[in-house]
Amino acid sequence: MEARDATAGAFVSSDGDEAPATKNAASKASKAQTKSRMEQIFGFKKEDLSSWHNLVCLLNRPTDSASLGIFRCLFGLLMVIDVTQERGLSHLDYKYLDGAPVCRFPLLNFLEPLPLDWMYLVYLVLFLGSLGIMLGCFYRLSCLMFISTYWYIFFLDKTAWNNHSYLYGLIGFQLTLMNGNRYWSLDGLRRPSIRNAHVPLWNYTLLRTQIFIVYFIAGIKKLDADWVEGYSMSYLAHHWLFDPFKAILPVELVNLLVVHGGGLVLDLTAGYLLFFDATRPYAFFFVSYFHCMNSQLFSIGMFSYTMLATSPLFCYPDWPRRFFSHFPSFLKPVLPLTTPELQPSTSCVYNEVSNLSGDQQEHSDVCVHAFSLLFIYLNFLGVFTHSRRWKDHGDMLKQYASCLSHLLPRYNVTDPEIYFDIWVSINERFQQRIFDPRVDIVKADWSPFRPNPWLMPLLVDLSPWRTKFQEIEGSLDNQTEIVFIADFPGLHLENFVSEDLGNTSIQVLQGQVNVEIVEEKKNYTLQTSETMKVPAGAYHKVYTVSEDPSCYMYVYVNTTEAALLENFTKLFELQERVRNGTETEPLPPELQPLIAPNDDDEAEVNATDPIVRLFLKRQRRMKEVKKRREAGLLERLERFAGKKYYTIRRGFLMTAIAMRNLAVGLPPLEQLTREVEFANMKGPQDEGNQKDLLKEEVGHGEL
């Protein structure tokens, strides 16, 4: 709400200087002193809530449009950037492949993407709508262009959904209902009647309520046991951003108190702290720090910056006028207005009707009724889709199975039965199934309004085991790895132990299992605390025969990796001895690449020994990572700007190609190939081997 007098501008001259009317100033000061305590804190009196009429008039109280106009501009700018980034304009041709057998996951099964060139047109409309919102140009039309295309793209692909994706669409819809073009807009230049005009208070109330909900619901969701006990984001405490906290606290307490405790308290209180004058500066500091950290910790596009842009909405609406009034006078033609004189608006309700013109009095008693818009351990390859998010959601799994059942007949597979055996570990719990592997998902029923029996429950009763996991893992050496499994009664896990994984054993932690060695055709029964080895290079099955879920763990050593690391250590020591002159024996030909200069990439190519080649490749990657980490601020900014430039460049060039295709038809294939190759051009810093980068991000995925 707004604690300041909305008509304060009447006592200030048009050039921003105080008028000589001392009597008016004294009257204003006297009025401020007579405000009740409630009005000083909340910006309204209890009488404003005494009736529906008073409440509606309060929500339509004339309010400065400056803060809303700045937010509109910032939101539009961020959405312009977002179109090429998270919305995916720059890789649209990879996402929507014309004629390719691709499984998609729309909200409603009948929704389909348009042909590729037309999808580029949809994105162009989305971009122009965002640009129009930013500039305040044909504001209502721009808002409609934005929300219609945004929600269409949003509903086309559930695998891309995030909480902030909903938020962008909701804010866009809310801006459509508001008078966001009354300040610093091209519409104001075209239509002087709306320039620098008041807006109803509900414009701010609605946006503030929306942002309060974002924070508060995020806090409510963090009240679950996983978050409170510090398991949901435990890996974040190791990030360099938390180094200042780790200087005074152990990493365990940083994880529990800063990452989880701080995030919980901030989300629950941010909306309240931003509301009040006394606490707003502290809230600004903490939420800004929070969102800046999130922008570095997560790949969440413009969300952090959008939330930063919403914070000033809780300030006094005239803050932009006071802020820009400090800029040099020669910049005023391009800066927002700083004059506090606002035009009256027919959308607002004015108490002092005697000061209005006749036409304005005609509309002064109309209270516009505002409304609030509250709103596994197994690896697998997903075919016919670019996304893997479907594997964690029952609705998308059903869509994927239905899609496969329609595509497989093309490959002479008729009436397919499709079963999924997907294992996940949720917040450091046991690996467990999330779908019943005995159910044919093609024929299975799915409804969001009733329980689906083929969705397996989360084994929350086993959550206390997580403390024991840490003790067990802490007792292992660096070469030994462990996997914790929980399975349901009557089911079994079929597993293959790679020959690389020597000395693999199963130990039962709870319940009873039967272990079948497939090749030997032998079965072994294991009770709690009993252990047995399983052969490498062979299949085995683990049956849960107890009445309750069984819990067991695999303990193994990756002998191939251990041997590789040992060889790397020996090669590094040899390389160091050669460089410091302590190695007197001549190197054999296969080791000669080790003595090449550090910046000689040809040594890796010329290496004949595969171990030496891997060692040199590893050194090159480590050198590149070190160089990036030690780069100066200017170099980092240059690298960031270059990457963004080529990403945005590709999006607009591909859009231009698509628009040309729609206008005059497809060119010859050779010309189209040249145009796409030109659009795909990248900077030197992006010419890396993407497969190597992916390998670095993937840990052990199978036994």
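Two residues are in contact when heavy atoms of one lie within 4.5 Å of heavy atoms of the other. In this predicted model, Leu175 touches Leu68, Phe71, Phe75, Ile133, Tyr139, Arg140 and Cys143, leaving aside residues up to four places away in sequence.

- In soluble globular proteins, nonpolar side chains tend to be buried together.

**An open sheet**
- Four strands, in the order β6-β11-β8-β9, form an open sheet with antiparallel pairing.
- Strands β6 (492-497) and β9 (522-526) are at the edges, where each pairs on one side only, and the twist from one strand to the next averages 20°.
- Strand β8 (residues 513-517) is joined to β9 by five bridges, the two running antiparallel, and Val513 has Leu526 of β9 as its bridge partner.

**Two crossing helices**
- The axes of helix α20 (residues 559-580) and helix α22 (residues 610-629) come within 10 Å and cross at roughly 75°, and because angles of 65 to 115 degrees count as roughly perpendicular, α20 is roughly perpendicular to α22.
- Their contact includes Leu564, Phe568 and Phe572 of α20 together with Ile611, Leu614 and Phe615 of α22, and by class it has eight nonpolar, three polar and one charged residues.

Methods:
Residues numbered from 1 in each chain as written. Predicted model: local features only at pLDDT ≥ 70, side-chain atom pairs only at ≥ 80, totals over all residues. Heavy atoms only, no water. Pairing = 2+ DSSP bridges. Axes fitted to C-alpha atoms, helices over the stretch in contact; angles between N-to-C directions. Parallel < 35°, antiparallel > 145°, perpendicular 65-115°, else oblique. Nonpolar A, V, L, I, M, F, W, Y, C, P; charged D, E, K, R; others polar.
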